[in-house]
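Subject: Structure handover

Hello,

Here is the structure you are taking over. Please open it beside this message and follow along as you read.

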Amino acid sequence: ARRNPSNGIALALTAAFLFSRRAHGAATSVFYIESAEPLLIVAALLARESRRMVLYWLLVVLALGCKEDVAIYFAAFGIVIAVFERDRRVGLATTALSIAWLAGALGSAIPFWRGLYSLDSANPFLEGRYGGLADAAGRLVSWEALSRIVTVLSATGFACLLAPAWTAIAVPGILVNLAAAP
């Protein structure tokens with residue numbers, strides 16, 4: 001946002017992101033590690049922008065540790081910076097780290113810790129939320145899905161559509177959430 005719009009517009013977009021209902025509600029209630037996601041992600045973006053790469057990687061790892069879905073967004077972010085920002089090395093490394101982190105979390109870490117607590121090794125979150133492929137696909141092409149997409153895009157007055165490459169970072173996460181059962 002610092003490259004093109006005025007400082008006022010950049011501040012408004014940042015405020016809309018940081019103080020959106022979900023992030024603001026998480027920051028003002030009981031602390032969950034997920035509450036740190038917006039701060040860590042924005043800080044990582046600023047660190048990369050200022051070429052402070054050690055800080056960038058530290059913040060990426062901290063953000064990835066917040067929740068599994070952060071890896072989806074950082075993987076897409078890595079692709080965007082590799083293709084559109086011409087920073088292939090950092091972009092591909094970000095994508096590779098994110099995919100490895102997601103695979104490690106879903107394939108090893110979660111089953112391991114569930115086993116330690118004598119829980120079923122199957123991930124009830126994944127199996128219970130998505131069901132079969134037909135069910136998930138049906139949820140993606142519903143009016144409710146369209147309504148949610150409009151709601152998400154309207155959070156910034158549809159300004160996110162002015163930068164489609166950067167908006168694309170959110171698309172995989174949006175699709176994963178829309179495919180889930182309510």
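A salt bridge here is a side-chain nitrogen of Lys or Arg within 4 Å of a carboxyl oxygen of Asp or Glu. Keep that in mind for the charged residues below. Note also that this is a predicted model.

The overall picture

The chain has 11 helices and zero strands. Read along the sequence, the pattern is therefore α-α-α-α-α-α-α-α-α-α-α. Of the 182 residues in the chain, 27% are buried. The chain exposes about 11700 Å², and carbon and sulfur atoms supply 69% of that area. Among contacts between residues at least 6 apart in sequence, 59% join residues at least 24 apart.

The salt bridges

How many salt bridges does the count come to? The count comes to five. Arg48, Arg51, Glu85 and Asp87 are linked in a network of them.

Two of the pairs involve aspartate 87. Aspartate 87 forms a salt bridge with arginine 48, and the closest N and O atoms are 3.4 Å apart. This pair links distant parts of the chain: arginine 48 is in helix H3 (residues 37-49), aspartate 87 is in the loop between helix H5 (70-83) and H6, and the two are 39 residues apart. Both aspartate 87 and arginine 48 are buried.

Aspartate 87 also forms a salt bridge with arginine 51, with the closest N and O atoms 2.9 Å apart. Arginine 51 lies in the loop between H3 and helix H4 (53-64) and aspartate 87 in the loop between H5 and H6, so this pair ties together parts that are 36 residues apart in sequence.

Arginine 51 is at 46% relative accessibility, so it counts as partly exposed.

Elsewhere, lysine 67 forms a salt bridge with aspartate 69, the closest N and O atoms being 3.8 Å apart. Lysine 67 is partly exposed, with a relative accessible area of 30%. Aspartate 69 is partly exposed too, with a relative accessible area of 22%.

The cysteines

A disulfide is a covalent bond between the sulfur atoms of two cysteines. How many disulfides does a search of the whole structure find? The search finds zero. Two cysteines can be looked up while you are there. Cysteine 66 has a relative accessible area of 6%, so it is buried. Cysteine 160 is at 22% relative accessibility and so counts as partly exposed.

Cysteine 160 is also one of the residues that threonine 167 touches; leaving out residues up to four places away in sequence, threonine 167 touches Leu153, Cys160 and Leu161. Threonine 167 is found in helix H10 (residues 164-167). At 16% relative accessibility, threonine 167 counts as buried.

A patch on the surface

Which residues form a nonpolar patch on the surface? Phe112, Trp113, Leu116, Tyr117 and Leu119 do, and together they have about 600 Å² of accessible area. Tryptophan 113, one of these residues, has its place in helix H6 (residues 88-116). Its relative accessibility is 47%, so tryptophan 113 counts as partly exposed.

Regards

Technical notes
Residues numbered from 1 in each chain as written. Predicted model: local features only at pLDDT ≥ 70, side-chain atom pairs only at ≥ 80, totals over all residues. Heavy atoms only, no water. Patch = residues over 30% accessible without salt bridge, like charges linked within 9 Å, V, L, I, M, F, W, Y side chains within 5 Å. Areas by Shrake-Rupley, 256 points an atom, 1.4 Å probe, with all protein chains shown as cover. Helix = DSSP H or I, 4+ residues; strand = E, 2+ residues; numbered from the N terminus. Buried < 20%, exposed > 50% of the residue type's maximum accessible area, 1.4 Å probe, protein only. Contact = heavy atoms within 4.5 Å. Disulfide = S-S within 2.5 Å.
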